[in-house]
Amino acid sequence: MSTKPAITIRRLTPELLDDYLAFFDGPAFADNRDWAWCYCYFPLFDGGEDGWLERNASDNREAIITAIDAGQVDGYLAYADDRVVGWVSAAPRDRYGQLIGLPGDGSTTGTTPCFITDPEWRRQGIARQLLAAAIDGLRDDGMVRMEAGPYAAPTNDAERYRGTIEFYESAGYERVADLPGGVTLMERDLR
């Protein structure tokens, strides 16, 4: 019987671009090819839904490469040995074009809009390790609270990309409000 290797979490830097791309070009959406064209660029995109739908995989891949090279993408990669098996986008809320304009101070509120785990590695605590790294890292970066917006009733693994209510509650978040689209706003104080 073989055991899986221990997971190591690393903060994304431009030097890890090739690892990021190998994950998103490969296993990240192996069971959800319809979302493979995103490259986790959607939260950063500052256009409206119509503008997003005009984009394609090549547009998003090139945009994320440019943003990572410029140090404008924040998040954490989970490694099993030297292979990426998970990702969380994690930054101050005002870094995400899709979240600009929400109430509260987006410069001191961290958020984790996207979790992606290799289908072969799901339900093994990787997202929990990524969230813990994001909380610690964003606290160290001066964030005073964390915010999340999971779907209240995800119907499949794809809809769990934001995490789940239970997942965040187990990490000390509290429910704040029910939002349109079946989303629950959750918060955690970092002070």
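This is a predicted model: local features need pLDDT of at least 70, side-chain atom pairs count only at pLDDT 80 or more; totals for chains, interfaces and linings use all residues.
**Two helices**

Take helix α1, residues 17-25, and helix α3, residues 57-69. Their axes come within 11 Å of each other. They cross at roughly 155°. That angle is over 145, so α1 and α3 are roughly antiparallel to each other. The crossing of α1 past α3 is right-handed.

Which residues make the contact? The table lists them by helix.

| Helix | Residues in the contact |
|---|---|
| α1 | Leu17, Tyr20, Leu21, Asp25 |
| α3 | Arg61, Ile64, Ile65, Ile68, Asp69 |

Six of these contact residues are nonpolar and three are charged. No polar residue takes part in the contact of α1 with α3.

**The cavity**

How many cavities of 30 Å³ or more does the model hold? The count is one. The volume of the largest cavity is about 40 Å³. Which residues line the largest cavity? They are Leu44, Gln72, Val73, Asp74, Ser89, Ala91, Arg95 and Tyr96. This lining has four nonpolar residues, two polar ones and two charged ones.

Definitions and conventions
Residues are numbered from 1 along each chain as its sequence is written. Side-chain values use heavy atoms; hydrogens and water are left out. On a 1 Å grid over the protein atoms alone, a cavity is a set of points where a 1.4 Å probe fits but cannot get out, and a pocket is an open set with protein on both sides within 12 Å along at least five of seven lines; lining residues have an atom within 4 Å of a point. Grid points are joined across faces, edges and corners, and a volume is the space filled by probe spheres set on the points. Ala, Val, Leu, Ile, Met, Phe, Trp, Tyr, Cys and Pro count as nonpolar, Asp, Glu, Lys and Arg as charged, and the others, Gly among them, as polar. Axes are lines fitted to C-alpha atoms, for helices over the stretch in contact, and angles run from 0 to 180 degrees between N-to-C directions. Helices (H or I, at least four residues) and strands (E, at least two) are DSSP runs, numbered from the N terminus. Angles under 35 degrees count as roughly parallel, over 145 as roughly antiparallel, 65 to 115 as roughly perpendicular and the rest as oblique. A crossing is left-handed if the near helix is turned anticlockwise from the far one by less than a right angle, and right-handed if clockwise. Contact means heavy atoms within 4.5 Å.
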